[in-house]
Protein chains: 2
Amino acid sequence: MEQNKVRIKQWLKDNRARGARLLQILVQEDSTRGNESAAQAIVIEKCRQLGLTLDIWEIGGDELKKHPAFCCDRQNFEGNPNLVAVLKGSGGGKSIILNGHIDVVPVGDEKNWKHDPYSGAIECGKLYGRGATDMKGGNVALIMAIESLIASRIRLKGDVIFQSVIEEESGGAGTLAAVLRGYQADGAIIPEPTNMKIFPKQQGSMWFRIKVKGRAAHGGTRYEGVSAIEKSLLVIQRLQQLEKDRNARINDPLFEKIPIPIPINLGKIKSGEWPSSVPDTAILEGRMGVSPEETIQSAQGEMENCLRELNENDQWFKENPLQIEWFGGRWLPGSLESDHPLMKELTKSFKEVRGDLPVIEASPWGTDGGILSNVGHTPVVVFGPGITATAHDANEHIILEDMFVASEIIALTLLDWCEVDES
Amino acid sequence: MEQNKVRIKQWLKDNRARGARLLQILVQEDSTRGNESAAQAIVIEKCRQLGLTLDIWEIGGDELKKHPAFCCDRQNFEGNPNLVAVLKGSGGGKSIILNGHIDVVPVGDEKNWKHDPYSGAIECGKLYGRGATDMKGGNVALIMAIESLIASRIRLKGDVIFQSVIEEESGGAGTLAAVLRGYQADGAIIPEPTNMKIFPKQQGSMWFRIKVKGRAAHGGTRYEGVSAIEKSLLVIQRLQQLEKDRNARINDPLFEKIPIPIPINLGKIKSGEWPSSVPDTAILEGRMGVSPEETIQSAQGEMENCLRELNENDQWFKENPLQIEWFGGRWLPGSLESDHPLMKELTKSFKEVRGDLPVIEASPWGTDGGILSNVGHTPVVVFGPGITATAHDANEHIILEDMFVASEIIALTLLDWCEVDES
């Protein structure tokens, strides 16, 4: 066993440049929603070279679309497939799903980036670009872990089921499709950017869209209209209060160090068409966090109550009620006991590689783990090398050293979890 | 003279259906910016039928674009000409410009309209549609006034210079082009929607664009980013205070009944691309009113000082300063003495037709009058039949009766101002 570990460590040490290069070419392919194919093709080709059993399919179809956990406004999945690549075990060991998403969020204002957002530039041990941290770096850590086993000629008893899915950033339809295709396992690791922390609990979340009405008028007689922007301020302030109230109730020690355990993020506002008109409509869009201990439905009900309260207490809203829609992304919350065997194995490997004990927290954001655990009945741990703070941000980057360390921790965990077939 | 008036009144009375129909077909042509040609073609054909001397030209060229009062972000004027149509006088009388704009603002949210925004539907004496009030109704009042003179075989000594211009809603490049083409006169009437009030003073205005920076982050760890929407709230509140301060200083009795004499209208806000990202940029656009007693420059300076103050006092803005840009529309303020002869003639005709005295106020918005008076040195009065409150609003409409009454008041004013050639 020790020899296996030594071989894995050595291989990973010798192949850092290859890993960095793989991440670089992945980052250089823009894989925003609807454009996942080119990056996915690189992953597929890599898995083919490794000799994994490939399952490549375009998601969609009635079973998926009618599933209660399906939450997606995308019409067309053509040309941007899901991938599941299996390293088949010899039998008798525990199986594991290694899940990562290939889709990335848009780059925002390009002016805020010091390099081209898809440069994959490496500077001082950091690799820059959209998706470097969230989560192509995590995906590369998984692929290197699998390759280190294969290159070291180690045979496992349990199956290693690597998944490269689309749609995580928009509600998890890719992972849901994989679950419905029959992929379940005894455990799962999702290397989302956790700053090398281990997250047994995952915050759920969903998107909302609030429509605020105004009454248009010429800007020069703006007192004859009602500004949808001004009325939106009331809504924004009420959401800020709701966020405070909801977070004041969280007392789970796993959330202790998280400033806002279940945030309400207002991500978009759009109002008005003409500088000198009073805007007659405002559309607010955002993301509401859901605690691992509550349901999507109860959190939604709480926000709906707030808006109802505004509709009752404001004269304008009484006549022009606020409307809320839950659209696009929705991520189920998830929760694993801190003493689950997968937690123990991962923690042990972490200590073995890094020397210290991992920080164990609740994830401040939703992941596809909610679907894997709630729908796929697969115990999930989220643990990965990316930097939380740079996810979705300009100048997103990853510390390559962390990617290699995470890869090693995951590879050692696979040895223990799936068991080595010494025959 | 009395006989001339009787003939005019009679003709206008007999031709109301024609006037309403002309307005209807004008409203039915969408003449938003860049699409003015179809509506303008109707006006051109009408003026041709009346036998007026036509000057039809596409604006542009260096003299216009380099003029200090030129303020326009439109690149292409091709296919959407200006029109000046002159009823030549026999000589010896005072000339007058009758100026109206053919462009209209966008319709906003169509759902707020009870009819199609371009229906031109007539109900209970009101004609509905974008532009009915601002200001195709005013234009029809002018055309009917001119036609009533021609149909009554009345010859004037002074020239009547009818202008149907583009670009009023975006800064007055159409009227500026007409001024630079040499059109000046001893007086001008602009029938913008004043609710039949007479405005000798005109508020100026201009557009601003403020860029607010944030720092993107994943919405689930939004405390690691800085929301451009949240930072925008500080800017909006500061602009609200600035509006209060500036209006507290206005003590001109002509503004007495206007709730906000020189408003700051926030017409547009756009921030964020993704519900679950912290938005890294917000763009605020609006219109700032300028009092007839101040300059565009001093008003701009006041807003710039406010932003500078925010940049100095807020730590985030200190490092990421707010940026302001004065773009698109700009309307010079204008001011005519209340005892100017044109004011007297118009007031007299008003009393003669309506029996009561007109309300005389300062206009709560800028018009092309600022260009006619400041650049064209032509004394301007703004007076028209439209309903201020419905301009730029959903369900914009005009009371047809007011349009006919305004037409009569203007026709009688032409008799006095330009003088009838009795020879």
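Mentor: Helices and strands here are DSSP runs numbered from the N terminus, with helices being H or I of at least four residues and strands E of at least two. The model is predicted, so to speak of local features takes pLDDT of at least 70 and side-chain atom pairs need 80 or more, while totals for chains, interfaces and linings use all residues. Residues count from 1 along each chain as its sequence is written, and chains are lettered from A, ligands numbered from 1, in the order written.

Start with the loop between strand 6 (160-165) and helix 6 (173-180) of chain B, where E167(B) is found. E167(B) is not a glycine, yet its phi is positive, about 75°. E167(B) is also buried, with 26 other C-beta atoms within 10 Å. (Buried means 20 or more other C-beta atoms within 10 Å, exposed 12 or fewer, partly exposed in between, with C-beta atoms placed from the backbone.)

H392(A) has a positive phi of about 65° and is not a glycine either. It is found in the loop between strand 15 (380-383) and strand 16 (397-399) of chain A. H392(A) is buried, with 33 other C-beta atoms within 10 Å.

Now the peptide bonds. D134(B) and M135(B) are joined by a cis bond, omega about -10°. M135(B) belongs to helix 5 (residues 132-151) of chain B. In chain A, the bond from D134(A) to M135(A) is cis, with omega near -10°. M135(A) sits in helix 5 (residues 132-151) of chain A.

Back to chain B and its packing. F199(B) is part of strand 8 (residues 198-202) of chain B. F199(B) is buried, with 26 other C-beta atoms within 10 Å. Leaving out residues up to four places away in sequence, F199(B) touches T194(B), E361(B), A362(B), S363(B), V382(B) and F383(B). (Contact means C-beta atoms, placed from the backbone, within 7 Å.) D402(B) is 203 residues from F199(B) along the chain, and their C-alpha atoms are 17 Å apart.

Helix 1 (residues 2-14) and helix 12 (residues 400-418) of chain B pack at about 155°, axes 10 Å apart. That angle makes the two helices of chain B roughly antiparallel (over 145 degrees; under 35 is roughly parallel, 65 to 115 roughly perpendicular, the rest oblique). Among the residues that meet are I8(B) and L12(B) from helix 1 of chain B, and F404(B), A411(B) and L415(B) from helix 12 of chain B. This contact of helix 1 with helix 12 of chain B has six nonpolar, two polar and three charged residues. (Ala, Val, Leu, Ile, Met, Phe, Trp, Tyr, Cys and Pro are nonpolar; Asp, Glu, Lys and Arg charged; the others, Gly among them, polar.)

Last, the two chains together. A rotation of 180° with 0.0 Å of shift along its axis superposes chain A on chain B, RMSD 0.0 Å. The copies are therefore related as by a two-fold rotation axis. In chain A, the C-alpha of K270(A) is nearest the axis, at 2.3 Å. The contact takes 57 residues from chain A and 57 residues from chain B. Strand 10 of chain A gives the largest share of the chain A side, seven residues. That side has 22 nonpolar, 24 polar and 11 charged residues.

How values were computed: Axes are lines fitted to C-alpha atoms, for helices over the stretch in contact, and angles run from 0 to 180 degrees between N-to-C directions. Two residues are in contact if their C-beta atoms, placed from the backbone, lie within 7 Å. Copies are superposed by least squares on the C-alpha atoms of residues with pLDDT of at least 70 in both.
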